[in-house]
Amino acid sequence: LLAHADEFVRKNAAKTIAAALKLVKEEDTHDRIIETLVGPLKSATDWAQGHGICACIGAALVTTPFAMRAEPEVVGCINVLLKDDNVMIRQAAVDALAQLLIAQSKGEHSDDIGITDQLTQLLGMFQDSSGDIRHRALLVFKSFVKKCPGAVRDQLPVVAPALIACVRSERNITERCLVYAFELINRPETLKAFTSSRPSGVDSATIKQISEYCKRLVSRGAAEESDSEDVLEF
């Protein structure tokens, strides 16, 4: 069913398999992940199967996040699918990548190196050749930063320039991302710390541009606007 022609069927099959993985004994989880997801993906012969398996990886990162994030082959599969020619597969990979970031950010053993690597991958999707993917990447980034603001706070020298570069083409969603990345609603010291620390790799002109833009968002009340477009739901 992961290869079914109907997208609705594929997505529901993905949710069902992901839920079943949660019931597998801990010592058997690795084998089931490889058997159910990684192996079939490597041998997939059409885009529908690749899309269904990628959707299942994203769903499994919700049901069994710590087992999934520990699988290097799962991470490798997501990174490969982000470069797929098919837009639907890339979109599913972007969603899975955001769930991977959430899994890496939460829990007792968060993975700082993994977060940096995968966040860089997600930021790179802001410049994808497809406008739909660029918008989706910003949407899932917003969902990620709302769930894990501390993880993004540590990465602002990389995140901020990538966001400000999107303002012209994707203004509304980019502004929402800036609101949450700089915690403009309830933690004003985040922006102050970023601008005063002069992070390496970010030139002074970009820091000034980001600071002034965020202050304008606050002054016009954009930080308090309603925000209902969240997409990371499985």
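I take a nonpolar core to be a set of buried Ala, Val, Leu, Ile, Met, Phe, Trp, Tyr and Cys residues joined through side-chain atoms within 4.5 Å. Buried means under 20% relative accessible area, exposed over 50%, and partly exposed in between, with a 1.4 Å probe and protein chains only.

The model is predicted: local features need pLDDT of at least 70, side-chain atom pairs count only at pLDDT 80 or more, and totals for chains, interfaces and linings use all residues. Residues are numbered from 1 along each chain as its sequence is written, and side-chain values use heavy atoms, with hydrogens and water left out.

**Entry: core**

I looked up the largest nonpolar core, which has 76 residues. Leu37, Ile57, Ile78, Phe126, Phe141, Leu163 and Phe182 are the members that touch the most others. Helix α6 (residues 87–105) contributes the most to this core, 11 residues. Helices here are DSSP runs (H or I, at least four residues), as strands are (E, at least two), numbered from the N terminus. As background, nonpolar side chains in soluble globular proteins tend to be buried together.

**Entry: aromatic pairs**

I searched the whole structure for aromatic pairs and found two. The criterion is ring centres within 6.5 Å for Phe, Tyr and Trp (its six-membered ring); planes under 30 degrees apart are stacked, over 60 edge-to-face, and the rest tilted.

Phe126 and Phe141 make an edge-to-face pair, with 6.0 Å from centre to centre and 90° between the planes. Phe126 sits in the loop between α7 (112–124) and α8 (131–147) and Phe141 in helix α8, so this pair ties together parts 15 residues apart in sequence. Phe126 counts as buried at 2% relative accessibility, and Phe141 is buried at 0%.

Phe182 and Phe194 have ring centres 5.3 Å apart and planes at 70°, so I log this pair as edge-to-face. Phe182 is in the loop between α11 (171–181) and α12 (189–197) and Phe194 is in helix α12, so the pair ties together parts 12 residues apart in sequence. Phe182 and Phe194 are both buried.

**Entry: around Phe182**

What does Phe182 contact, leaving aside its neighbours within four places in sequence? I list Leu156, Ala160, Arg187, Thr190, Leu191, Phe194, Ile210 and Cys214; contact means heavy atoms within 4.5 Å.

Thr190, in helix α12, is buried at 3% relative accessibility. Not counting residues up to four places away in sequence, Thr190 touches Arg153, Leu156, Ala181, Phe182 and Glu183.

I then checked α11, which is mostly covered, with nine of its 11 residues buried. Glu183 follows α11 and has a positive phi, near 50°.

**Entry: Gln155**

Gln155 lies in the loop between α9 and α10 and counts as buried at 14% relative accessibility. Beyond its neighbours within four places in sequence, Gln155 is in contact with Thr116 and Leu119.

**Entry: cysteines**

How many disulfides does a search of the whole structure find? I found zero, where a disulfide is a pair of cysteine sulfur atoms within 2.5 Å. The closest cysteine sulfur to that of Cys54 is in Cys77, 8.9 Å away and too far for a bond. Cys56 is in no disulfide either, the nearest cysteine sulfur being that of Cys54 at 9.9 Å. Cys54 is buried at 0% relative accessibility, and Cys56 is buried at 0%.
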